[in-house]
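Subject: Model handover

Hello,

Here is the structure you were expecting. Please open it alongside this note; what I found follows below.

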Amino acid sequence: METTKGRFAPSPSGRMHLGNMFCALLSWLSAKSRGGKWLLRIEDLDPGRSRYEYARLIEDDLHWLGLDWDEGGIDADGGSYCQSRRGDIYERELGRLMQTGLVYPCRCTRADIMATQAPHLSDGHIVYSGKCRPAGIEDAGREGHTSYIYDWKGGERAAAARIFVSGGDICFDDGHYGPQCIDPSRLCGDFVLRRADNAWAYQFAVVVDDALMGVDEVVRGRDLLASAAQQIYLYRLLGYREPAFAHLPLLCNEKGERLCKRDRSLDMGELRKTHSAEEITGLLGCLAGLTEKAEACSPASLVSLFDWKKVPLGDIRISPGTLPEL
């Protein structure tokens, strides 16, 4: 019997907030409730926004709450669990995709700008127009088709590497929201694997990392649910087994907006001044539907109570003034 391996993969672009910890706790509980392992990876793809000190604070906040990981972290294996140090691996896997004839140079001035950022639903989607798509690329890989030799060096500006997306639904069973069928060609169209400035795109890097690290369960916010279709598309092209996906309701502020790192009043730096780790865990367990009241407890004490059927489907509004009394 294979052991489940879940993961938590935060971006070190600021201090974690209550929503990040909600995701971390439920990811940890889902893996541990089945006797599995839990991996920590640092998704520091964007050098302009990622900070080493924030990565250290991520580890400190997880340790403080009692969420210890079995694999990964900043210093593990020479830093190989930090995406910023995995460029050679991404280059190799991009080369494999290029051999399919489906990856082509794109010199468009938009659409790849935010490619290194996880594409949250609230930010909207850009559907690529196909401006740089070579004619006949849909025949790549078919018998008798001659692979294209693309001009990556020509042009007035550097080229991004974009992958052709064929039409049709990609279906999967989400562990929390049930059966899903999403057509990536309608969701986003051809998407970027590497930006023109050589920064690796989130969608590509996360697939390579989860596959090579043996992650077989991905638990994350529902704002990333649609991204699963793009990622499954890449898993299949690369010949890797796709993981099970389970998406969570979002913790939102009083306006119904997804919590972000700008919501300082609910970041871990502020919350740790006024609450103990056990109190925060009890609050998160209650918000997840695992307990009726927000009573102080440890993550380990919630393992036997964890059940996806208890977790709400709708987003959860919370603010400093309405935090349940502990």
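V103 stands opposite I163 in β5. That is in the predicted model, as is everything below. The two residues belong to a pairing between β4 and β5 (residues 160-163), which is antiparallel and runs over 4 bridges. The sheet around that pairing is open and has 3 strands, in the order β4-β5-β8, with antiparallel pairing. β4 (103-106) and β8 (191-194) each have a single partner strand, so both stand at the edges with one side left without a neighbour in the sheet. From one strand to the next, the twist averages 45°. Helix α6 (residues 227-238) lies across β5 and β8. Its direction is at about 55° to β8.

There is also an open sheet of 3 strands ordered β1-β2-β3, and here the pairing is parallel. β1 (5-8) and β3 are the edge strands; each has a single partner, so one side of each lacks a neighbour in the sheet. β1 and β2 (residues 37-40) run parallel and are joined by 4 bridges. Within that pair, F8 stands opposite L40 in β2. Helix α1 (residues 18-32) packs on this sheet and touches β1 and β2. The helix direction makes about 145° with that of β2.

Next, the charged pairs. How many salt bridges does the structure hold? The count is 22. Three of them are worth a look on screen.

Start with R86 and D209. Their side chains meet in a salt bridge at 2.6 Å, N to O. The pair links distant parts of the chain, 123 residues apart. R86 sits in the loop between β3 (71-72) and α3 (87-98). D209 sits in helix α5 (residues 202-212). Are these two buried or exposed? R86 is buried, and D209 is buried too.

Then D190 and R133. Here the N to O distance is 2.7 Å. D190 is buried, with a relative accessible area of 1%. R133 is partly exposed, at 32% relative accessibility.

R86 and D209 turn up again in a network. Salt bridges with shared partners join R7, R41, E43, R86, D209 and D210.

R92 is partly exposed, with a relative accessible area of 48%. E93 is buried, at 2%.

Look at Q83 while you are in this region. Q83 lies in the loop between β3 and α3, the loop that also holds R86. With a relative accessible area of 2%, Q83 is buried. Which residues does Q83 touch, leaving out those up to four places away in sequence? They are R41, I42, E43, D44, L45, Y90, A205, V206 and D209. Among these contacts, R41, E43 and D209 are also members of the salt-bridge network.

Last, the cysteines. The structure holds 1 disulfide. C171 and C181 form it, with their sulfur atoms 2.1 Å apart. The torsion about the S-S bond is about 110°, so the disulfide is right-handed. C171 is in strand β6 (residues 170-174) and C181 is in strand β7 (residues 178-182), 10 residues apart. C171 is partly exposed at 38% relative accessibility. C181 is partly exposed as well, with a relative accessible area of 49%.

The cut-off for a disulfide is 2.5 Å between the sulfur atoms. C132 is partly exposed, at 24% relative accessibility. C252, by contrast, is buried, with a relative accessible area of 2%.

Best wishes

Terms used
Residues numbered from 1 in each chain as written. Predicted model: local features only at pLDDT ≥ 70, side-chain atom pairs only at ≥ 80, totals over all residues. Heavy atoms only, no water. Pairing = 2+ DSSP bridges. Axes fitted to C-alpha atoms, helices over the stretch in contact; angles between N-to-C directions. Contact = heavy atoms within 4.5 Å. Salt bridge = Lys/Arg side-chain N within 4 Å of Asp/Glu carboxyl O. Buried < 20%, exposed > 50% of the residue type's maximum accessible area, 1.4 Å probe, protein only.
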